[in-house]
Amino acid sequence: MATDSEPGRRRRCCCPQDTPDVAKVPDSRGDSDGPRRGSLCDRHCAAINNVQGDLGDLGCHLHRPRVPTAVSSPSCCQQHSEEVCESCVVKTTLTAENAVEANKLSNNYKFGFKKWKSHVTARPWEDRSEIVKELYSDLNVIRGSGGSTLTCGNVLYLLLFGWWLSLLYVLVAAVMFITVMGAPYGQLCWDLAGYFLWPFGKVIQKVEVPKSHQAREASAGESPALLGGPTPRRWHPPCWVGTGYWHRASSAAWLCLGYPVLALAHGLVCVTAWLLIILIPVAKLSARAASRVLLLPPERVLIRRLRMTEVPLEGEVILCCYRAANPYYYKYAVDGINVFAVNLLPLVLVTLVLGYVDSPNHLTGSAVKFTLALLSIMPLSYYIGMAIASISAQSNFAVGAVVNATFGSITELTFYITALIKGSREGNRCYAEVVKSALTGTLVGCVLFVPGLCMVIGGIRHQEQRFNSRSAGVSSALLFLSVGGVFAPTLFSKVYGKLVCGECHNVTQNPLGHYLCHNCHFDLMDNNGTLYYSHVQPLVYTVSILLPAAYLIGLFFTLKTHTHIYDIHISDCHMPGHHHSAVVHWSRWQALVILLLSTLCMSACADLATEHISPILTNSTISQYFIGVTVLAMVPELPEIVNGIQFALQNHLSLSIEIGNCIAVQVCMLQIPILVLFTIFYPTNFTLVFSDLHVYASMFSVVLMNYIFMDGKCDYFQGTVLVMVYFILLAVYFFAPSPSGC
């Protein structure tokens with residue numbers, strides 16, 4: 001279902017106080033007098049809450065006893081000065097409709113768990129906003145005041161579909177009239193031609209067949225106050241024609257000559273409007289017309305124009321449309337799947353069929369197939385992310401941690417491993433360099449671009465955003481450790497490696513003068529590779545063992561021994577009239593099947609991408625560094641970027657920052673060690689020695705990020721700084737020469 005807003009999240013102070021939207025819960029010990037009047041601590045707590053504000057629409061006020069009673073008692077502040085009350089701690093309280101959704105929200109704040117914005121359960125209809133309710137409403141509801149139907153979206157419908165669809169109905173009506181027996185359907189098509197030219201403000205009804213011709217004539221002369229004009233007259237067969245025979249012949253002519261053409265046209269309109277997303281009402285209109293209106297007998301279809309809507313219509317309303325476009329349809333979801341992911345799913349099928357059937361590239365070239373394979377990774381990343389979030393929310397902590405650690409980086413690892421395998425088979429070192437560039441690009445992008453973009457977009461709506469600097473500090477410390485560990489073999493090779501240059505020219509024509517050298521690198525294979533095999537390789541293996549161990553320690557620290565860092569409390573919802581039983585979109589087994597199928601399709605798309613990237617690397621004038629750090633690094637992370645932006649818009653910047661930090665930490669502490677482990681069993685050209693550009697860009701990005709996040713608050717200016725630095729680094733990669741050997 002659509003996720004119109006993230007479930008409520010508010011800042012609570014340990015000192016009880018009266019707020020306009022929160023019911024006061026009496027103390028369990030019988031003390032209901034509230035805080036002491038005039039207490040400096042209470043005034044400070046109230047000031048904190050006024051600054052933080054209520055960040056969510058919460059209707060639940062009973063909280064689980066996650067903190068000791070002494071902390072939550074009215075006398076929580078034992079010592080207070082004239083300026084600050086140190087015991088008043090700001091806590092984060094989350095509300096959810098059910099236990100499954102509560103687990104998903106809690107997992108969002110846990111280190112190492114995938115942050116997921118969309119709901120994994122069906123939201124109660126009462127909890128949705130009016131905007132979202134309108135998205136899911138059927139086109140058979142008559143509103144009290146429709147307003148003007150002359151809108152940009154309606155005019156767009158007229159230009160894209162209305163004119164030719166109406167003309168097609170006129171042609172079909174002519175064909176039906178020529179057949180004579182299909183004349184009733186011809187009259188229906190003639191009426192529908194005017195309707196589909198401009199269907200807005202009109203209604204199609206399903207009425208009962210009158211018992212006699214006189215009754216039909218009487219009803220034709222009446223005009224209810226709701227409707228404008230007389231009832232449309234229908235063509236009736238001559239009395240000498242048998243009714244049963246006439247209806248059968250008329251229906252046969254319609255089903256053979258008229259309906260297939262119109263159904264095909266409506267199908268085309270439906271698919272086109274659905275892909276455009278904002279025109280989904282037109283898709284619903286066409287689908288309902290083809291499945292309901294065109295299959296009814298002509299005498300039971302009534303088309304009228306609405307002028308007054310205070311009086312209800314008699315008979316069933318089949319179609320009633322006011323707007324052709326709605327910009328909020330980006331929230332629309334089918335069985336919990338966002339409409340963008342639904343629309344991109346056929347792209348995966350096209351990519352796989354085109355990639356494996358057209359192997360000789362007769363239909364399309366390598367560039368098109370490479371682009372399709374990369375675009376197909378985006379919806380597959382979405383399905384993998386939602387499957388992981390669904391399984392984690394419906395399982396215990398251990399299962400959730402294992403699933404997130406196992407499949408959290410599967411998108412990137414499938415591409416990296418397939419690229420290394422192809423490079424090893426062809427003996428091409430460029431693939432290993434592209435993988436290193438993609439790793440660095442993911443690290444730099446998630447440290448600079450993802451949080452920076454979220455700060456800019458969130459800062460437009462919120463003047464200043466605050467986040468938990470303590471939890472961000474844990475991720476930053478792990479990021480420092482991981483970057484130092486990953487680049488330790490590179491620094492070691494710089495110190496002890498032998499500098500070898502490809503071309504050197506004497507500038508001064510003097511044997512003792514200056515030389516200008518090109519394509520220089522540190523050779524680790526000098527003296528039969530003694531330096532590499534005896535020193536660098538053991539260091540790489542040591543680092544590859546220590547980094548995952550540090551990641552596990554970070555998980556144990558944040559999720560077991562120091563969970564108070566996040567101060568997350570889940571409230572128990574008890575709202576009258578609401579049913580809080582969880583109706584999950586995907587069950588655990590369904591999510592597991594989707595996860596495995598998406599992973600399999602991801603591996604196939606990654607194989608196609610690496611298969612058709614070779615011509616791009618060899619024929620493109622753009623540096624391979626730039627291709628790796630931009631396209632290959634950031635395209636798989638687009639669903640995560642969208643989640644981060646949505647969190648930032650709702651003032652949940654902590655989650656936006658954690659999205660980037662988590663991915664960056666997993667790149668260094670999980671993905672790179674897994675690649676090193678893979679090279680042990682399948683020898684490739686991948687070595688944990690990076691170019692100077694990768695080292696400097698990564699270290700500078702991590703230092704800048706920690707400086708920005710130091711004070712626990714930010715605005716759009718600081719986000720602009722991070723984004724600008726990221727684009728500067730992209731410019732450096734763009735103008736950098738390709739790696740040696742490529």
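## A buried threonine

Thr 490 is found in helix α16, which spans residues 488-496. Helices here are DSSP runs of H or I with at least four residues, strands are E runs of at least two, and both are numbered from the N terminus. This is a predicted model: local features need pLDDT of at least 70, side-chain atom pairs count only at pLDDT 80 or more, and totals for chains, interfaces and linings use all residues. Residues are numbered from 1 along each chain as its sequence is written, and side-chain values use heavy atoms, without hydrogens or water.

Thr 490 is buried, at a relative accessible area of 0%. Buried means under 20%, exposed over 50%, and partly exposed in between (1.4 Å probe, protein chains only). Leaving out residues up to four places away in sequence, Thr 490 touches Leu 688, Val 689, Phe 690 and Val 695. A contact is heavy atoms within 4.5 Å.

## The whole protein

The protein has 24 helices and 16 strands. Of its 742 residues, 51% are buried. Take the contacts between residues at least 6 apart in sequence: 81% join residues at least 24 apart.

## The surface

The accessible surface comes to about 34700 Å² (Shrake-Rupley method, 1.4 Å probe; for residues, only the protein chains shown count as cover). Carbon and sulfur atoms account for 63% of this surface.

Ile 131, Tyr 328, Tyr 330 and Phe 340 form a nonpolar surface patch, with about 370 Å² of accessible area together. Ile 131 lies in helix α4, residues 130-136. Ile 131 is partly exposed, at a relative accessible area of 34%. Patch residues have over 30% relative accessible area and no salt bridge; nonpolar side chains (Val, Leu, Ile, Met, Phe, Trp, Tyr) are joined within 5 Å, like charges within 9 Å. A salt bridge is a side-chain nitrogen of Lys or Arg within 4 Å of a carboxyl oxygen of Asp or Glu.
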